[in-house]
Each structure stands twice: as C-alpha cells, then as structure tokens.
Amino acid sequence: MNPFVVMIVKYVMPAVAWIISVFIPGRSSKVALREAKNKAWIMSLVNDVESALPPKGTYKPLGELVDKCYALGTFPALWAVEGLGRYYGDTFPERQLPIKGVLTDPSLSGLPNKSMTMLHAGIGLAFARRSLTGLSAGSPTVELGKALEQFIGWCKDSSRPGYVGCAYESLGLVTLILHNPALARVLDKLLAEVNPEVASYMWRGAGRALYFHPKNFIPGWKCPWRGVGMVRQIAPHEMARQNLRAGISWATTVVNMRHPEIMESVLLYQGDHHPDRDLVVNGMVSS
C-alpha cells in the first residue's frame with residue numbers, strides 16, 4: 001500500500017471523523033473515533049499480509065503461508081488469509097498455470113477449515129480483478145459478458161462445495177473499489193439474464209465495500225453511517241438494495257467485533273423498529 005495512502009487512512013480520516021462527530025447529538029465521539037480507527041486498521045492490515053508472503057517471483061506451499069497468516073494473531077489473520085487467497089489466485093497465471101482447482105486440488109486437503117471462507121473471498125478478488133481489467137460501464141456488452149463468464153467459470157472450477165458464494169461476493173468489492181457503481185449496474189443487468197444468483201452475491205459484496213468507502217468514514221447528521229444513504233443512491237432495484245444493506249451490516253459486525261459499544265450504537269439507530277431490521281440482522285448473523 002502506498003505510504004501516503006496509509007497515512008491518510010490511519011490518521012487523517014479518523015481525526016476528521018472525530019471532529020465532525022462531536023457536533024452530532026446523541027452520537028458518542030469516542031465511539032465514532034473508535035469505529036474510524038477500526039476501519040483504518042483493517043485497511044492497513046494489507047502490510048501485515050505482505051509480511052507473510054514470499055518475495056515476488058518465489059512461491060511456497062499454501063498451507064505454510066496459511067500458518068504464517070494465523071501466526072499474526074486471531075483477528076489480523078482473518079484479513080491476512082483473505083489477502084493470501086488473492087495472492088495465491090494471482091500466482092496461477094504468473095506461473096503459467098490454468099486457473100482451475102485453485103482451492104480444490106487434493107494436495108490442499110490439509111488446509112484448516114477455518115481458512116476456507118476468507119481464502120475463497122481472496123481468490124474471488126483475484127479472479128474479479130483479472131476478469132474486469134480494462135473494462136468499464138461503457139465497454140461493449142459482448143466483452144462484459146465474456147468477463148462475467150470467465151469470472152463465474154473460474155470461481156466454480158476453484159471453489160469447494162458450499163464456498164463458491166464467498167468467491168462470487170468479491171465481484172462486488174472489486175467493482176465498487178476499483179471501478180464504480182455504474183459498472184455494477186451494467187453487470188447486474190447482464191447477470192439477471194444469465195445468473196441472478198451471482199448478481200445477489202455481487203451486491204452483497206458491494207455492500208461490504210461501501211462500509212469502507214471514504215465517505216462512510218465521516219459520520220452523517222441524520223444517520224451516523226453515510227453508507228446507508230449511499231445504498232439508496234446506488235441500488236437499481238430492491239434486490240440490490242437488500243443485499244447492499246446486509247453487506248454493510250456484515251462488514252460492520254466483523255470489523256467491530258472487538259468493541260461491543262460500537263454494535264450497541266448500531267442497534268440504537270437500527271433496532272427493532274427500523275424498516276431494515278431483518279437486513280441488519282441477516283448481515284450480523286452471516287458474519
């Protein structure tokens with residue numbers, strides 16, 4: 001990660017969040033600052049991921065690298081393993097190997113079950129980035145269709161039973177973080193015709209991405225989480241809105257699981273009588 005970006009994420013954004021939160025009635029400035037710091041820390045954990053990986057151009061057994069990620073500590077390992085999955089997925093074309101059986105090869109049977117969710121999310125990141133390289137919302141429909149077909153094929157060929165959805169979700173993160181909502185809406189239309197299930201996973205992953213969006217670092221006036229308002233702006237239909245909303249809830253829960261006071265604040269704004277209660281609960285339970 002660029003050192004300048006690290007500095008902005010770790011220091012500037014949390015400070016701005018604290019200053020603004022002081023003027024928001026009913027919103028604890030300490031809670032706002034803690035949440036901003038949690039997001040910043042998660043985003044900067046990529047540096048810890050790099051420390052667990054071999055030098056560029058060299059490769060080690062995946063099981064050995066998984067062990068190194070868990071040596072970072074239980075909570076950092078969650079994110080390190082996702083980064084490892086992305087790295088491992090990228091090594092296949094680098095080694096001129098076909099992208100197939102990335103996590104289903106019999107030689108990987110000894111990988112710990114606890115690593116499967118985030119490893120699949122990681123290979124999904126690698127597949128989505130490679131599939132969408134050079135494309136945009138204005139790209140020819142044929143090219144976008146081929147990219148989706150390629151992405152879905154890679155995920156199916158490389159995922160263990162029950163985990164392909166984790167890989168599919170990463171399409172939403174890549175689309176929103178490396179591209180824009182316009183591309184997500186175009187892909188949604190194409191997926192509605194060929195694979196609606198992947199579209200729902202994509203929007204859920206996009207919701208996770210929204211939680212880390214720079215605008216969502218800054219508490220809002222009517223609602224502390226600007227990402228909630230961004231859902232309404234981005235979603236082209238109700239299915240997308242519901243998955244975006246649940247995705248934000250998923251990310252909020254995982255990122256802040258060590259600080260229950262943040263989740264208490266979430267429930268004060270999104271509790272029993274909130275119209276999106278079921279979506280919030282869905283994200284929390286899924287996490």
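Is Phe75 buried or exposed? Select Phe75 to begin: with a relative accessibility of 10%, this residue counts as buried, because the cut-off for buried is under 20%. Keep in mind along the way that you are looking at a predicted model.

**First stop: helix 5**

Phe75 and Trp79 both belong to helix 5, which covers residues 74-94, and they sit four residues apart, about one turn of the helix. Trp79 also counts as buried, at 10% relative accessibility.

Show the rings of both side chains. A pair of aromatic rings is described by the distance of the centres and the angle of the planes. A search of the whole structure gives seven aromatic pairs. One of them is Phe75 with Trp79, an edge-to-face pair with 6.3 Å centre to centre and 70° between the planes. Bring in Trp41 as well, and you have an aromatic cluster made up of Trp41, Phe75 and Trp79.

Stay on helix 5 and select Tyr88 and Phe92. These two residues are four apart in helix 5, so about one helical turn separates them. Tyr88 is buried at a relative accessible area of 12%, and Phe92 counts as buried at 8%.

Next, pick Ser115, in the loop between helix 5 and helix 6. Ser115 has 0% relative accessibility and therefore counts as buried. What is Ser115 in contact with, leaving aside its neighbours within four places in sequence? Highlight Val66, Tyr70 and Val81 to see those contacts.

Finish by selecting residues 116-132 for helix 6 and residues 141-158 for helix 7. Their axes lie 9 Å apart and the packing angle is about 155°. Angles over 145 degrees count as roughly antiparallel, so that is how helix 6 and helix 7 run relative to each other. The crossing of helix 6 past helix 7 is right-handed.

To view the contact itself, display side chains on both helices. On the helix 6 side, the residues are His120, Ile123, Gly124, Phe127, Ala128, Arg130, Ser131 and Leu132. Facing them from helix 7 are Ala147, Gln150, Phe151, Trp154, Cys155 and Ser158.

Conventions. Residues numbered from 1 in each chain as written. Predicted model: local features only at pLDDT ≥ 70, side-chain atom pairs only at ≥ 80, totals over all residues. Heavy atoms only, no water. Axes fitted to C-alpha atoms, helices over the stretch in contact; angles between N-to-C directions. Parallel < 35°, antiparallel > 145°, perpendicular 65-115°, else oblique. Left-handed = near helix turned anticlockwise from the far one by under 90°. Contact = heavy atoms within 4.5 Å. Phe/Tyr/Trp six-rings, centres within 6.5 Å; stacked < 30°, edge-to-face > 60°. Buried < 20%, exposed > 50% of the residue type's maximum accessible area, 1.4 Å probe, protein only.
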